[in-house]
2 protein chains.
Amino acid sequence: MDKPTTKDLAKAAGVSLATVDRVLNARAGVRPATVERVRQAIKEIDFVRDMAAANLARNKVYRLVFLLPDHDDEFIGLIRNAIAEANMSMAHERVNVSIVRAPSNDPHRIAKILNTLSSEQIDGVAIMAPETPQVRDSIARLDAKGIAVVTFVSHQPTAESAYFVGINNRAAGRTVGQLMARFTGERKGEILVLTETMQARDSQERRLGFDTIMAKYAPRLGVRPSMETYGDPARTAKIVKTALESQPSIVGIYLMNHDFRDTMHAIEKQGAPQQTIIIGHELTPHTRACLIDGSMDAVITQDVGHLVRSSIRLLRAKATHVDTVASQERIRIEIILRENMP
Amino acid sequence: MDKPTTKDLAKAAGVSLATVDRVLNARAGVRPATVERVRQAIKEIDFVRDMAAANLARNKVYRLVFLLPDHDDEFIGLIRNAIAEANMSMAHERVNVSIVRAPSNDPHRIAKILNTLSSEQIDGVAIMAPETPQVRDSIARLDAKGIAVVTFVSHQPTAESAYFVGINNRAAGRTVGQLMARFTGERKGEILVLTETMQARDSQERRLGFDTIMAKYAPRLGVRPSMETYGDPARTAKIVKTALESQPSIVGIYLMNHDFRDTMHAIEKQGAPQQTIIIGHELTPHTRACLIDGSMDAVITQDVGHLVRSSIRLLRAKATHVDTVASQERIRIEIILRENMP
DNA sequence: GCGTAAATGAAGTACGTACCTCAAGTCAAC
DNA sequence: GTTGACTTGAGGTACGTACTTCATTTACGC
């Protein structure tokens, strides 16, 4: 009652191992009727190819690339660590993962890098980059070249050939909205929304989701227009100072981008009103510390290790033309409070 | 620049393949000095054993067993589905998982089942059962027999040889406490705590964590003693009726066990005060529906698929005497609101 | 029925590791 | 210096699949 092998399959189909091999690997030179016979036998004896052995025989290492932004914030750091760890723990899956970095505000540069990838060197790419026409075209080109692509963290809705690994940012924004609505109790006042840039689709979607819920559940609260820091500490400090001085009735702050260390620093320096609810994205050493010392109330995050492993599994499956277990690949929107911090 | 193989390792260590094999598989008959030389070489050339090939060569299927309670509630159903799914998706890992069921209130029966497992048939067991001396002894016996054991969902702190796969229930209770404290706003009143039985260690720990946070963050709220339903619908209805009638100032309800369909039904029938915050455990079809229709406010859950896969990985690693990636095995306490429901 | 092309089979090597056997080596105690 | 125990090496087979080569069979048009 052991698992059937290709040998059993050959016997069941009444053909030789060579023919089984031809069918399994879609090689030419087999009559359609014979192909069908083998297909039938596969179903009958419930044959599943031993991919470990197959890959061993192929002696192929799947070379995957993560394209990441070239600035070094905490979130990117976590991703890099997760990639390094995955490279270790998934070694027996015959994957070799490397990282390529590009300035996220230079679509041409990103496109150039993607366009130079050839299917001889690379089997798959996970792309974390803002949505631009250049990147979209590059993804189509990669697809045409037979290189597997997933979009990573940043959704590229116009790139149909690439599966998206990340959270639904609209839902993430809604989640923050719900927490903000409830954590502020019955208090009235204003909500500040800060982000690095509203150019990013992620920010737009989060904002959209956030507004929907705030309008529905907390009409008592006024949500201010998004303020952009452009990642500039001086500008950030100025914005925060002005906002907090002119708005004495702040009851909540939503930090919409990841790695808002400068922003938190500015808020702490300026001093927010007592009981101000502060919610932001991504669990990092910094946000972890903020949860512990109480300067933040909640963090919405996605499991970085899961993101990376999921991307790798999907790329590998795509490169091998194999199906995947979809349920394992859904990235959850996690709510972290001080009490359930991992 | 390929990945080093045992052959490369043999050359690097200046020994033969046979000796490398003896060292790698901890076989006897190698001088300590030689062992050390090979160990050094492993580090030097950064050798990692190709587990896929190793398992192929071993041609061993790891037979794992999940011991589950024999009553069929929604949570157990989810676990069974997850096990079936894992059996499919981890087939290439050479694991075969089966389920054995036992009445969770009959420790002798459970112990008897565990004691009949022999290391010839079974390589590992994941045990979901209440903590009892009988089970604890059985676990020790399994360990002595060389069968890998993890405790699953229910912590058995006295069984040192078994790794625990599940959440910290104390922290889970604290998390519920924090949500309850915040979701009730500034309102004053009483909190009901309902569970199937306080005999279960899980319930005790959740309660402990819950009380800690409530005392600290919501002293305005009175937390009532835990009420036990014993899984009896009639009793449940009576308890809920009495509690809600005699306590007009209920502002929150904590449902501490999983699968509280009867309890929710009784609450809905009796009618809780407007704005009563209801929080419970485990995301199931029922709690999912409750979140959507607003009859529940939050659900604390653990990823069942993750629980199962983690158990399998750990058992398999233990059976193979291999290290694991700890970070991948930590089960998170997930907070689910309507907005971030997966 | 003959020639040709297409389909199929038989048998091999390879992947990286496990595990076995047997021979040959080393070393220390006597 | 012999004995015996321990250590090491050499070489084999096996796991399930990929891929190749070459021989053989089948099908079809004439």
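Biologist: Into which domains is chain A divided?
Modeller: This is a predicted model in which local features need pLDDT of at least 70 and side-chain atom pairs count only at pLDDT 80 or more, while totals for chains, interfaces and linings use all residues. Residues are numbered from 1 along each chain as its sequence is written, chains are lettered from A and ligands numbered from 1 in the order in which they are written, and side-chain values use heavy atoms, with hydrogens and water left out. Domain bounds come from an automatic or database domain assignment. For chain A they give domain 1 (6–49), domain 2 (58–166 + 304–330) and domain 3 (169–301).

Biologist: How many residues does the contact take from domain 2 of chain A and from domain 3 of chain A?
Modeller: The C-alpha centres of these domains of chain A lie 30 Å apart. Contact (heavy atoms within 4.5 Å) takes nine residues from domain 2 of chain A and, from domain 3 of chain A, eleven residues.

Biologist: Which residues of the largest nonpolar core touch the most other members?
Modeller: A nonpolar core is a set of buried Ala, Val, Leu, Ile, Met, Phe, Trp, Tyr and Cys residues joined through side-chain atoms within 4.5 Å. Buried means under 20% relative accessible area, exposed over 50%, and partly exposed in between (1.4 Å probe, protein chains only). Not counting residues up to four places away in sequence, Ile79(B) touches residues including Leu68(B) and Val308(B). Of the 102 residues in the core, those touching the most other members are Ile79(A), Phe152(A), Ile79(B) and Phe152(B).

Biologist: How many residues of α13(B) are buried?
Modeller: Helices (H or I, at least four residues) and strands (E, at least two) are DSSP runs, numbered from the N terminus. At the start of α13(B), a side-chain oxygen of Asp303(B) reaches to within 3.0 Å of the backbone nitrogen of Gly305(B). The helix is mostly covered, its buried residues numbering 14 of 17.

Biologist: What is the relative accessible area of Ser89(B)?
Modeller: Ser89(B) lies in helix α5 (residues 74–89) of chain B. It is partly exposed, because its relative accessible area is 22%.

Note on methods. Polar contact = N/O pair within 3.5 Å; in protein donor to acceptor, adjacent residues only side chain to side chain.
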